[in-house]
Amino acid sequence: MEKSIQKEHTLYAIKGFLKEVENIQIGKLGNFSFSRGYYVYVGSAKRNMHARINRHIRVDKKQQWHLDYLRPYLQIEEIQTYSGEKGECQLFAELRERNNGSIPAEGFGSSDCKCVSHLFYTEKNPVLSLTSSRN
């Protein structure tokens, strides 16, 4: 697993690979069919970035966030943090557009904003770095 984590950053993206099609109940959000391929989840942590990411990496835990329900099926491949200048929603939109991602589950990770989702899917291995200077 590749990690690029900077303590002062407040945003992160987690890339995972799903080996086969899975039907998964995502808490109260509903049951979704997830295709084989790559998934990128974008989140934020105003403090304790390492603790948040380490929690997301763990498989055996109380299911609290939408990602917790998907996590047991994903092989985590990369974690990247970002400064937070753009904001969580804008970072998600930029990464999704850059990777031509689609939305596999509406409402995933976006219950506290107006975004359709904070999880995108792509068949091709997505790039988490931004085109501009390192964030």
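1. Helices here are DSSP runs of H or I with at least four residues, strands are runs of E with at least two, and both are numbered from the N terminus. The model is a predicted one, in which local features need pLDDT of at least 70 and side-chain atom pairs count only at pLDDT 80 or more, while totals for chains, interfaces and linings use all residues. Residues are numbered from 1 along each chain as its sequence is written, and side-chain values use heavy atoms, with hydrogens and water left out.

2. Helix α3 covers residues 88-98, and its buried residues are Glu 88, Leu 91, Phe 92 and Leu 95. Buried means under 20% relative accessible area, exposed over 50%, and partly exposed in between (1.4 Å probe, protein chains only). Seen down the axis of α3, the buried residues fall within an arc of 100 degrees, so they line one face of the helix. The arc is that of the directions from the helix axis to the C-beta atoms. An α-helix has 3.6 residues a turn, so residues three or four places apart point the same way.

3. The cover over the buried residues of α3 includes strands β2 (11-18), β5 (37-44), β6 (74-82) and β7 (119-122). Contact here means heavy atoms within 4.5 Å.

4. Phe 120 lies in strand β7. Its relative accessible area is 0%, so Phe 120 is buried. Leaving aside residues up to four places away in sequence, Phe 120 touches, among others, Phe 92, Leu 95 and Arg 96, as well as Tyr 38, Tyr 39 and Val 40. From Phe 120 to Gly 37 there are 83 residues in sequence, and 11 Å in space from C-alpha to C-alpha.

5. The protein has 3 helices and 7 strands, in the order β-β-β-β-β-α-α-β-α-β along the sequence. Of contacts between residues at least 6 apart in sequence, 68% join residues at least 24 apart. Buried residues account for 47% of the 135 residues.

6. The C-alpha trace spans about 40 × 30 × 30 Å along its principal axes. A compact globule of 135 residues would have a radius of gyration near 14 Å, and the protein agrees at 14 Å. That radius is taken over C-alpha atoms, and the globule rule is 2.2 Å times the number of residues to the power 0.38.
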